[in-house]
Amino acid sequence: MFIDMHVHPAFYEPINENAEIEEMRHNVLNIHKNGTAPLVHIFNQMKCASLDRLCLLPEDYTTQVGQAVVTNEEIQRLVDLAPDKFIGFAGADPYDERAAEKLEYAFTQLKLSGLKLHPSRQHFYPNDAILRPLIEVCERYNKPIIFHSGVSIEPDTDTKYARPIEFEELAANHPNLRICLAHFGWPWVQETAMLMLKFPNVYADTGLLYFDNAYEFYERVFHHDIPVTWIDRSLRHQVMFGSNNPRFEQIRMADAITKLGFRDSTLELIKGGNALEFLNGR
Amino acid sequence: MVILKQIKLLTTGYNQFVLITKQVLELVQESNITNGMVHVITKHTTTGITVNESLECLESDIEEFLSRLVPEHLPYSHARILSDYGSTAGNPTGHLKAHLTGNHCHFIISDGELLKGDAQDIYFCEFDGPAQRTVFVQIVGE
């Protein structure tokens, strides 16, 4: 089972019937010239990358831009179109007074599998009190949270909110809450590794490709910034493959992750085993 | 008279050769132009148009030939985030292979027939798939 845990479906054709919405998505996400993709194309891409499942992540930036970029209902629609291929996460705006209620609805009625938040864009620190109602819902329903971490090249993002060290209290105070630091917290990948060492409930995904090509960047991060042995020996149960498609290159990243020298058993965990535990609990 | 048509393709492979001879012949026939030229031009920079014999062995040889000239692992400059796309450019090999094949081909139309050799077929060449692609077919004549 090969799972991409970090995919943004904002430009999938079935949820882009409205040209104004599509234009808003290009501007808000700072992704341009990519058009919209019919699902058959997405499935072709998955086949080329040898991927079995994609975890679809929405964005609810209502406070910042006036509306959700991709709604939870749209995620549910996509999952319903291909339930054997798609895993759907919910979005939430922590500043919305009804956020916890809406998240509960997303878990119980829309059957979504976790929560995605973006501290840099939504302008909150991971330990802010404003997040507590959402965390309480996730803990009650045993659902994980994927947090954007590290740099973001979306507009209006403050990196200070998403530095890995900011997640320490959250991880310590909620040992039963599984959290993923997306993009491995780049450029602070050693901070991310430190948190994963301290807290088994902290995961990271590999959705990082900020310079060079997929292999070159992975080789830089996973051979030099942190040695491959740190993951292969110590953090092997906490790293999940993610591509951050469509910003980054899913097919080449899925290939590059297999060429870094991990043991086969570690690679299987990164490709899917850890994602299943992150989603369902150990 | 000038007639402009499009062929829409949804490619399925990273590198792929797609025969489009039949579609081009049909468009020429539908145009009712009996003497002139047909121009077949891809809309993209990581795809090509080429004319060759439609044989499995030749497709394999051409693909391997291009891959030897343009290996995936070399340190290309076109490997970075492009700010006007907001996404990573990781397809230098697609651009370079497209540079080698060229983006078009032309055939003469005479007395209602597209003049081509028996062994000649028109290929759309995908070098950065899978993707949604468009080929322009312009038929010019009388």
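**Exercise 1. The open sheet**

In which order do the six strands of the open sheet in chain A stand, and is their pairing parallel or antiparallel?

*Solution.* The model examined here is predicted.
Step 1. Reading across the open sheet of chain A gives the order β6-β7-β8-β9-β10-β11.
Step 2. The pairing in this sheet is parallel.
Step 3. At the edges stand β6 (90-91) and β11 (239-240) of chain A; each has a single partner strand, so one side of each is left without a neighbour in the sheet.

**Exercise 2. Two paired strands**

State how many bridges join β7 to β8 in chain A, and name the bridge partner of Lys116(A) in β8(A).

*Solution.* Step 1. Locate the strands: β7 of chain A covers residues 115-117, and β8 of chain A covers residues 145-147.
Step 1. These strands run parallel and are joined by three bridges.
Step 2. Within β8(A), Lys116(A) has Ile146(A) as its bridge partner.

**Exercise 3. An aromatic pair**

Describe the geometry of the pair formed by Phe147(A) and Phe167(A), and determine whether each residue is buried or exposed.

*Solution.* Step 1. Over all chains, the structure holds 15 aromatic pairs. One of them joins Phe147(A) and Phe167(A), with 5.1 Å from centre to centre and 65° between the planes.
Step 1. An angle over 60 degrees counts as edge-to-face, and this pair is accordingly edge-to-face.
Step 2. Phe147(A) belongs to strand β8 of chain A, while Phe167(A) belongs to the loop between β8 and α8 (168-173) of chain A, so the pair ties together parts that are 20 residues apart in sequence.
Step 3. Buried means under 20% relative accessible area. Phe147(A) has 0% relative accessibility and is therefore buried; Phe167(A), also with a relative accessible area of 0%, is buried.

**Exercise 4. A residue in helix α13**

Classify Leu276(A) by its accessibility and list its contacts beyond four places in sequence.

*Solution.* Step 1. Leu276(A) is part of helix α13 (residues 264-280) of chain A.
Step 1. With neighbours within four places in sequence left aside, Leu276(A) is in contact with Ile3(A) and Gly281(A).

**Exercise 5. Charges over rings**

Over which rings do the charged ends of Lys85(A) and Lys271(A) sit?

*Solution.* Step 1. The charged end of Lys85(A) sits over the ring of Phe43(A), at 4.7 Å from its centre.
Step 1. For Lys271(A), the ring is that of Phe2(A), and the charged end sits 4.8 Å from its centre.

Notes. Residues numbered from 1 in each chain as written. Chains lettered and ligands numbered in written order. Predicted model: local features only at pLDDT ≥ 70, side-chain atom pairs only at ≥ 80, totals over all residues. Heavy atoms only, no water. Pairing = 2+ DSSP bridges. Helix = DSSP H or I, 4+ residues; strand = E, 2+ residues; numbered from the N terminus. Buried < 20%, exposed > 50% of the residue type's maximum accessible area, 1.4 Å probe, protein only. Contact = heavy atoms within 4.5 Å. Phe/Tyr/Trp six-rings, centres within 6.5 Å; stacked < 30°, edge-to-face > 60°. Lys NZ or Arg CZ within 6 Å of the ring centre and 35° of its normal.
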